[in-house]
Amino acid sequence: MSTARGEQVRAPVARRQARELARSLVAAYRVVRRVAASLLPPVTLGGLVLLLWDAWVRLRDVPIWLVPPPGLVLERLLERWQFFLEQGYVTLGEALVGLLIGTLGALLLAVAMAHSRFLERGLYPLAIMLKVTPVVVWAPLFVLWFGFGTMPKVFIAALIAFFPMLVNTVTGLRAVPPDAHAVFRSIHASTAEVLWRLRLPFALPYLFAALRVSALLCVIGAVVAEWSGADRGIGHVIAVANSNLDTATVFAGIITLTFIGAILNAAILLLERRILSWHDAYLP
Amino acid sequence: MTALLPPPDPALARTGALLAIRGVSHAYGPAPRSVSALAGIDLALRSGEFVSIIGPTGCGKSTLLRIAGGLLPPTLGAVSIDGAAPDEARLHKRIGSVFQDPALLPWLNVRGNIELMARVNRRHGPRTIDTDALLTSVGLSDAAEMRPHQLSGGMRQRAALARAFALEPALLLMDEPFAALDEITREAMRYELLRIWERRQATVLFVTHSVREAVALSDRVIVLAGTPGQLRADVPIDLPRPRRHEDERSLPFLDLVDRLRALL
């Protein structure tokens, strides 16, 4: 009797466990499928380009110092992976600190400009001057002023991140729906309350759009600054390899930069999806 | 803080009206090329009165509402709310407002949107809000934790209504609040608004395009017309209260609608 009852109790438990297992298998399959779906296009296209590249180099007998075959680049990358990881880490660090400084500076200035037409008119020409002057012009100047250390790299990265953040944030801070603003005004909200509870949240989508541009620009800034005078970082590695006609290392450096860019892009997308869960773009 | 505000017009303060608008004219833009929107409006609302403004597009209805709430300073004339300047009424959070856009903050749920009214300018007005009672009165007690995007258009406007009543305002300003809703929801919302208004005792200034809506809701209907907008008629609506949806088929109701249509 008791065993029969025990089996009766156990049977649904087993069935529930089986159902849970099936459910988690389905969930795992979905995740794998989603990852595969997002990796498939770049892997396919990238593979095709590599094949064509390899065929061209072989068939036309292109010298190695002019264009290395992809196999050699991969070999260089795998053989010295620790080196590229370390140098990439240096560049990523400079780019990230630069992004942080550039973003904070742009935010502060954007808040001031969104509240004062005088400051907006006065500061825009300055911002345009900073933006229209190519980074290659600033980089040697910054090296001259701040030396060969990390400082000039961080500053160049900050400089290049600054403009897109500034322009978008000023627009975003003014993008408050007029009726929401009217509700706040009707209860005498202070300028700070309107800024904190209304303007900044409504500016976040604009801010993230700019962040995605700026994050990649920062890497360019750091690399250009390293090119102009450094003893480490991917920019330095590429500059040295370039002067030695070591094109395989140049391409290995480019691939390292691609990884840095992809990681930054993915991190920002992830953050955006978290913070902007309320925004139309992320609603189910 | 209060000392910085302009003193109320003593003549207005004496009228005893909750909202007094005296000789208000408004023009948009700088002087030589300005566009006149309102000319010489005089209007007084008794405490607890429900008054609607109707009129064709561009006659200055919304401008008048914004001037009444102190959101827009008039070019000429003065406004007083309960004997004080509109800025002081705003400072003490005596004004509630509902616009065509519910203007709920998308990152807050319904409860957060309503309780925000106590958090902003927190030195004035009620410190706490009985959100549950408010939500029950607008039929949203199950939606307290929902975000605006999870609500239908009618539910969003109900939430905006609850938010407007949250601070127990003396004056409620409504600018075509139901204009974006479908016909059925719109008609239901009228009577829901009336039930809340009867319980919570606010003076209401209601702007609408719909003559039926104005008659169904109001104690008085003001007709604005012309450019710049001028007061064309002030029609008392002496239909018994509480009003029901069925009354919209009654003869006196239809008579009033016809009379007002003729004035437009």
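Tutor: Buried means under 20% relative accessible area, exposed means over 50%, and partly exposed is in between (1.4 Å probe, protein chains only). This is a predicted model, in which local features need pLDDT of at least 70 and side-chain atom pairs count only at pLDDT 80 or more, while totals for chains, interfaces and linings use all residues. Residues are numbered from 1 along each chain as its sequence is written, chains are lettered from A and ligands numbered from 1 in the order in which they are written, and side-chain values use heavy atoms, with hydrogens and water left out.

Student: Is B:Arg158 buried or exposed?

Tutor: B:Arg158 is found in helix H6 of chain B, residues 153-165; helices (H or I, at least four residues) and strands (E, at least two) are DSSP runs, numbered from the N terminus. Contact means heavy atoms within 4.5 Å, and beyond its neighbours within four places in sequence B:Arg158 is in contact with B:Val138, B:Leu140, B:Met189 and B:Glu192. Its relative accessibility is 16%, so B:Arg158 counts as buried.

Student: How much area do chain B and chain A bury between them?

Tutor: Buried area is the accessible area (1.4 Å probe) that two parts lose on being put together, summed over both. Here 27 residues of chain B are in contact with 20 residues of chain A. Carbon and sulfur atoms hold 67% of the buried area, which is about 2100 Å².

Student: Which residue of chain A forms a salt bridge with B:Arg66?

Tutor: A salt bridge is a side-chain nitrogen of Lys or Arg within 4 Å of a carboxyl oxygen of Asp or Glu. Across the interface of chain B and chain A the rule finds one salt bridge. The closest N and O atoms of the pair are 3.7 Å apart, and the partner of B:Arg66 is A:Asp179.

Student: Where in chain A is the partner of A:Glu272, namely A:Arg212?

Tutor: The side chains of A:Glu272 and A:Arg212 meet in a salt bridge at 3.5 Å, N to O. The two residues are 60 residues apart and link distant parts of the chain, with A:Glu272 in helix H10 (residues 247-275) of chain A and A:Arg212 in helix H8 (residues 191-227) of chain A. A:Glu272 is buried at 8% relative accessible area, whereas A:Arg212 counts as partly exposed at 33%. The place asked for, then, is helix H8 of chain A.
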